[in-house]
Each structure stands twice: as structure tokens, then as C-alpha cells.
Amino acid sequence: MDYKKFQADYLFTGNEMLHNGEVLIALSNGTIKAIVPAEDAGEEVQKVNGVLCPGFINTHCHLELSHLKGAIPLHTGLVDFVLHVMTKRFVDPEVIQQAIQWGEADMFKNGIVAVGDVCNTPNTLMQKQHATLQYYNFIETSGWIPAAAEKRFEQSYSLYAQFASPKSIVPHAPYSVANALWQQIIPYFKGAVITMHNQETPAEDALFKSGNGDFLRLYQHMQINNELFIPSGKSSLQTVMPNFAQAHTLLLVHNTFTSKED
């Protein structure tokens, strides 16, 4: 059987850091066979500088938005950031595909082997067929207008059907999913890995605690009638957390303003 042997300054197993010259032995197809002391490894050991470790996992990626890198001003705040994404995401499909290819290549070059990718369009389907990286496809759902909940869910489920497993239907953020839409997607959380953008700005908690804050400007800009929203008097996370009771795993992303109580 054909083996490959590697020795590095440090060898991280995923659980512990080894640094006594241990040798990693792998099959020619990359499958890890064993980690043995140097004296038991035999000949033809390849020595590398630095740390040898398992591939990295990018748990939150928007590969379909790779073309927006460098296109959005810094330090504008979340609401203006969202508005920029909404207005700049639709460009020449060829430009989008080229950026997706570059984005994936950049991850691969930096040691990433698996990706939790947020999907709102089918734009990444073609690239993912190459199976260069392993993807968990998070089909993102949003809609703040209660009357449009069923239509929004149907759109998300149609997209969900196009992607390969592993995959799940997930909410975008507390401030962008109406209660009626939550009720549509909650049944699909059972046993699944679910992710959500969480508490990126103080305005998110302000909305749920008092019904005020900068998100009112976002709704106004998007011509969304917010009159049906009733503040819970609690933080955004405390408000929506019960919705995830049946999820296998919940991955909250950003958490920039998550409190100790939350």
C-alpha cells in the first residue's frame, strides 16, 4: 500500500498540539492512517516547516456575493451596509461567476476544506459541482411583510430543492423575518444545522425592546409597512430563541452586541 509521511515543527491533531517529531502517515488518497513516533515512521518522511493541521472550516460564507469584495464603503453601520448589498448585488452574471471561482480558489489556497455557505440565489450551483470544497448550504429566508410570508417561503423552498445536501432552510436575522414567516420555516429546523445573523448592531435590540432604532430607516427605505410589528420588550435573541428548540445545532453569527444575559 502506498503511504505518504509528513513531519512538521508542530502537529495539531484536532484535539492536541504535538511537537516531539511525531510523523503523520496518510494513504495516497489523503486518508489519515496514523500518527507515530519518528523512530517508528521508517524512511521517506517529508519534512515541512510550521504547523501541520486538519483543514480549516469557514462556518459563515456568502460565496455568491464574492463580487462585492471592496465594493462597499467601510464604517457606514449595518443599515447602510445592507442597503449597499441590496443595490449592488445584481451585476453581469459572468462577473458574478468569475468572482465565485476566485472566492473558492482563495479559500482553498488558505487551507479551507469545508464551508457553511449562505445561499439566496442558485449562482453558486455550477461551481459547487466541481466538489473542490465540501459545502453545507444554508438556504437563507427573509421577509418582514407578514402577508408575503407564504410567497417568500415558497421561493426559499424552491431554491432549497436545487442544492445538494447537506443543506437547511435558515432565517436571515431577527429583524428580517416576520412571525408569519417564522411559522413557515420552523418545521424545517428539526434535526438540522441552523444559522442566523445575530445582534450585529445595537439597533437590533432596540427594535425588539422598544420598536425604535435605525432599522425603521431601513424599512422606510424599502417601503415596508412596520405597523404590524409588536415589540417583545426583550432582546432580539431572547425573542426568537424559542424558535430553534428542535434544531440539532444553532450557529449564531457575529454576536457583536450580545449581552451576558443573552
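Which strand is Asp117 found in? Select Asp117 and you land in strand 7, residues 112–119. (Strands, E, are DSSP runs of at least two residues and helices, H or I, of at least four, numbered from the N terminus.)

Before you go on, know that this is a predicted model, where local features need pLDDT of at least 70, side-chain atom pairs count only at pLDDT 80 or more, and totals for chains, interfaces and linings use all residues. Residues are numbered from 1 along each chain as its sequence is written, and side-chain values use heavy atoms, with hydrogens and water left out.

**Stop one: Asp117**

Is Asp117 buried or exposed? Asp117 is buried, at a relative accessible area of 0%. Beyond its neighbours within four places in sequence, Asp117 is in contact (heavy atoms within 4.5 Å) with residues including Lys128, Tyr135, Tyr136 and Phe138.

**Stop two: rings and charges**

From that list, pick Lys128, which lies over the face of Tyr135, 4.8 Å from the ring centre. (For a charge to sit over a ring, NZ of Lys or CZ of Arg must be within 6 Å of the ring centre and within 35 degrees of the ring normal.) You can find another case at Lys167, whose charged end sits over the ring of Tyr160, 4.3 Å from its centre.

A search of the whole structure turns up twelve aromatic pairs. One of them is Tyr136 with Phe138, a tilted pair at 4.9 Å centre to centre and 35 degrees between the planes. (Rings of Phe, Tyr and Trp, the last by its six-membered ring, pair if their centres lie within 6.5 Å; planes under 30 degrees apart are stacked, over 60 edge-to-face, and the rest tilted.) Phe153 and Tyr157 make a tilted pair too, at 6.0 Å and 35 degrees. Both sit in helix 4 (residues 149–162), four residues apart, about one turn of the helix. Phe153 is buried at 10% relative accessibility, whereas Tyr157 is partly exposed at 38%.

**Stop three: Ser168**

Jump to Ser168 in strand 9, residues 167–171. Ser168 is buried, at 2% relative accessible area. Show the backbone oxygen of Val193 and you'll see it 2.6 Å from a polar atom of the Ser168 side chain. Not counting residues up to four places away in sequence, Ser168 touches Tyr136, Phe138 and Tyr160, among others.

**Stop four: helix 6**

Select residues 202–210 for helix 6, where Ala203, Glu204, Asp205, Leu207 and Phe208 are buried. What do the buried residues of helix 6 pack against? Their partners are strand 10 (193–198), helix 7 (215–221) and helix 8. Just past the helix, Gly211 has a positive phi of about 80 degrees.

**Last stop: an aromatic cluster**

Finish by colouring Trp144, Phe208, Tyr219 and Phe229, which together form one aromatic cluster.

Terms used:
Buried means under 20% relative accessible area, exposed over 50%, partly exposed in between (1.4 Å probe, protein chains only). A polar contact is a pair of N or O atoms within 3.5 Å; within protein, one must be able to donate a hydrogen and the other to accept it, and residues adjacent in sequence count only if both atoms are side-chain atoms.
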